[in-house]
Amino acid sequence: MGSPQVSNVRQWATLLLLLVIAASVQNADSQRIKDNMYASISGAHCFRRLNGTHVTGCSSRQGGSIGVLHLVRSVADIDFVVEQHPAGPYAPVIPPHLFTRENILRLRDQGGEHVSAVVLINNASELVQYSQESRCPNQFSGLISGTADSCSVEQPEKSWNPWGTGLLLEDFPFPIYYVPHPEEIQKMVDCFAKFNNFDLENQHRRSLCSIEIKSFMSAAVDSRVCLARSIFFNSLNPVKFCDPLQGKNVFATLFPRVQVKLEDRKVDLNERIILVSSRMDTTTMFDGVGVGAMDSLVPFTVLVSVSHFLAKVLPKRLQDDNPNVLFMFFNGESYDYIGSQRFVYDLQKGAFPTKGGLTNPLSLDNIDLMIDLGTFDDPNNLRIYHASELAAVPQIAQAIDQINRKWNLNVTAEAPILTKNLPPVSSHSFLRENASFPSVVVTSAPGNRYYHSIYDDSENLKFVYGNHSRTRDFTELEDLQQTIADFPTNSIQMRLRNVSTLLGMTLYELVTKTAYPGTLGTSPYLIDEFLYCFLESADCPLFMAAVKPDFPRPFPISPQRYISVHSTLPSEASSWTIRLLGFLVGQPLPNDTAANTSRADCQALHLPYNWFAGYSGHGECRLTTQNFSQASSPAFLDDDYDFRSGRYSTWTESTWREMSARIFLQPAASHETLTLSIGFVVMLLSFVLVFLINSRSEVLFNQCGASTVPIASPTQC
């Protein structure tokens, strides 16, 4: 017989083994138990951005923020959360029409510790306006910022976004979570109705439906402090707290520029340029949500349509002294004109375009005229702004009037307005460096009630996809003398066809010094396809025509046009834009050559020749002029830059580790106290029980003490 200690060890080892086996068996059901406790809620998070002086956006607590769901149907429900809060902290569930500046700031400033999160649900039934942008977008980066004549936040009638709430520029100590899907909204509504929506005064006495949101943001204070922290920690451990907002501008020239050797590159002041620009980015309060239909996609569409028109009607110069046209699509303009500021900076440094293009660099002095396309909230009524006296302004106004009357395009333009109080357009970046820079802004009066918001979408634009790509070649221009029955006269496709035709013919006159002699105008079919690709699905005929024939089909969602942060690859929007410019502005090979040119032959020609699938899908070779340029603020190129100077954009975006949201049943405080107390009692009883069992183990386990009788020696045979 072994010693009692050995037997005890064996028994305890056996018990431990049984426990391990039981735990391994139960582990198979652990995920199922977790799923029964929590229900995930899919949606989009509000995240944190910083500039040289402030921090904006939202953040949860480091371990996540938990709040009791409370469905807000009226201001009285907000009063309940702010003033009564019997069971807080709360997470108000708010429809868009109550997501106003007054209500949200009240939850932040008066709710205090009783508000731990806000949930915005997608219910636009009572919505008439919704814009989280400031009434004066990019207010502090304008030509005359801070003066009496500049845009006024206090006076909506003197602002460029009268419906703006400015929430995009506020800092919130709690997360704001957007839930777009009806089934996810119904989960929360049902949970609220079952557990929370009765006997409100005594909510603290029972278990309540709650939400946990994890979206902790690492950045704090401002961009300067955040980047300094990142640099300090990087010397010890590779940690980033924020990244500068940056991306790629996209550009193309109407005519190919002269190729030069690398060592011969220099600014040639005899090269004359007409710059035509628009912005290509948009933004909202929430990550990955918002297509910017009216705020930026409309001018983006118009400029692509204009560039395609000019490439068709002016495949080469009529005269050797005709200026070239530079089509520029700026990225990051939503954040103090990041793309255009960098473009001006590169022009001043002789760094545009880059050396890889093997063309001469350009400077501001090469630009004869800039036509900057602003928002076209009403494409039928245009406004022309200019900050200095320019001889081209009356010429442009006269051309617009004559072309409109000739072709009955139903587009009118007001008399040009000479003012330094310009709308939020890229021209500010040029005029801040040179107040007499020859810039003309073509835009319309503010009319977008959903500027920079999640509801600036197809419905706001009244876009209905025509889907005529199988029967109509969208790469061909349309005869203005022919009636187009596929689109209603007042459709967005026809309205943008008219304004882009008007601007295209005006540019033709500026380039050639002669009136446009043809009858062809821009294509509403191209506009239809372009809008569909960027509003609804990247898996669209136009995008597939602008890539190689064997290119994999993209996901059927709209490309993201938020500038984002540094990446080794360009963003979705930039990548598609550069392909489209190559396809729509690039010139096909002559007919006798194109018929015998294979993909291998085209690739053998090297850049700037590119192979595209084309409308037919069989492939075609084109001579292209498109390229990227940097859209990152010059502020981050100078280690000694003063982040409070306001000269350049200083926007950064916070980093984060986890983003999630889930609802669960949170027990009452009394229930948690009772559970904790029972746990302590059980723990104490277990200690006492173990002690008693251990002290009486010989009796309980029927074990005898060691024998003192010596063992007799074996008997010899």
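Predicted model: local features only at pLDDT ≥ 70, side-chain atom pairs only at ≥ 80, totals over all residues.
Figure 1. Asp401 is partly exposed, with a relative accessible area of 39%, whereas Arg405 is exposed, with a relative accessible area of 58%. Side chains of opposite charge can pair when their charged atoms come close.

Figure 2. The side chains of Arg106 and Asp79 meet in a salt bridge with an N to O distance of 2.4 Å. This pair links distant parts of the chain, since Arg106 lies in helix 4 (residues 101-109) and Asp79 lies in helix 3 (residues 75-84), with the two residues 27 residues apart. Arg106 has a relative accessible area of 15%, and so it counts as buried, the limit for this class being under 20%. Asp79, with a relative accessible area of 25%, is partly exposed. A network of salt bridges can also be viewed here, in which Arg101, Arg108, Asp109 and Glu170 are linked.

**Figure 3. A salt bridge between two loops.** Arg472 and Asp486 form a salt bridge, and their closest N and O atoms are 4.0 Å apart. Arg472 is found in the loop between helix 11 (458-461) and strand 20 (478-479), while Asp486 is found in the loop between strand 20 and helix 12 (492-512), so that the pair, 14 residues apart, links distant parts of the chain. Arg472 is partly exposed, with a relative accessible area of 29%, and Asp486 also counts as partly exposed, at 32% relative accessibility.

**Figure 4. Strand 15 and its two parallel partners.** Strand 15 is largely enclosed by the rest of the structure, because 6 of its 7 residues are buried. Strand 15 pairs in the parallel sense with strand 13 (residues 273-279) over 5 bridges, and in this pairing Ser277 stands opposite Asp372 of strand 15. Strand 15 also pairs in the parallel sense with strand 19 (residues 439-443), over 4 bridges, where Val440 in strand 19 is the bridge partner of Ile371. Strands of a sheet pair through backbone hydrogen bonds, either parallel or antiparallel.

Figure 5. Strand 23 pairs with strand 24 (residues 620-623) in the antiparallel sense over 4 bridges, and Leu623 in strand 24 is the bridge partner of Tyr609.

**Figure 6. The largest cavity and its lining.** Among the 7 cavities of 30 Å³ or more that are counted in the model, the largest has a volume of about 260 Å³. Its lining consists of 24 residues, and those that lie nearest its centre are Gly374, Thr375, Pro424, Val425 and Tyr451. Helix 7 (293-313) and strand 15 (367-373) each supply at least two residues of this lining. By class, the lining of the largest cavity divides into 11 nonpolar, 8 polar and 5 charged residues.

**Figure 7. The second largest cavity.** This cavity holds about 150 Å³ of space. It is lined by 18 residues, of which Gln139, Gly142, Cys151, Leu422 and His428 are the closest to its centre. The lining of the second largest cavity has 10 nonpolar residues, 7 polar residues and 1 charged residue.

Figure 8. An unreviewed UniProt entry carries the annotation "domain: Nicastrin small lobe" for residues 45-219. Over residues 45-219 the chain is 19% helix and 21% strand, with the end C-alpha atoms 16 Å apart. The annotation "transmembrane region", likewise from an unreviewed UniProt entry, covers residues 674-693. Over residues 674-693 the chain is 100% helix and 0% strand, and the end C-alpha atoms are 28 Å apart.

Conventions
Residues numbered from 1 in each chain as written. Heavy atoms only, no water. 1 Å grid on protein atoms, 1.4 Å probe; cavity = no way out; pocket = protein on both sides within 12 Å on 5 of 7 lines; lining within 4 Å. Points joined across faces, edges and corners; volume = space filled by probe spheres on them. Nonpolar A, V, L, I, M, F, W, Y, C, P; charged D, E, K, R; others polar. Buried < 20%, exposed > 50% of the residue type's maximum accessible area, 1.4 Å probe, protein only. Pairing = 2+ DSSP bridges. UniProt positions renumbered as here; feature names shortened; annotations may be inferred.
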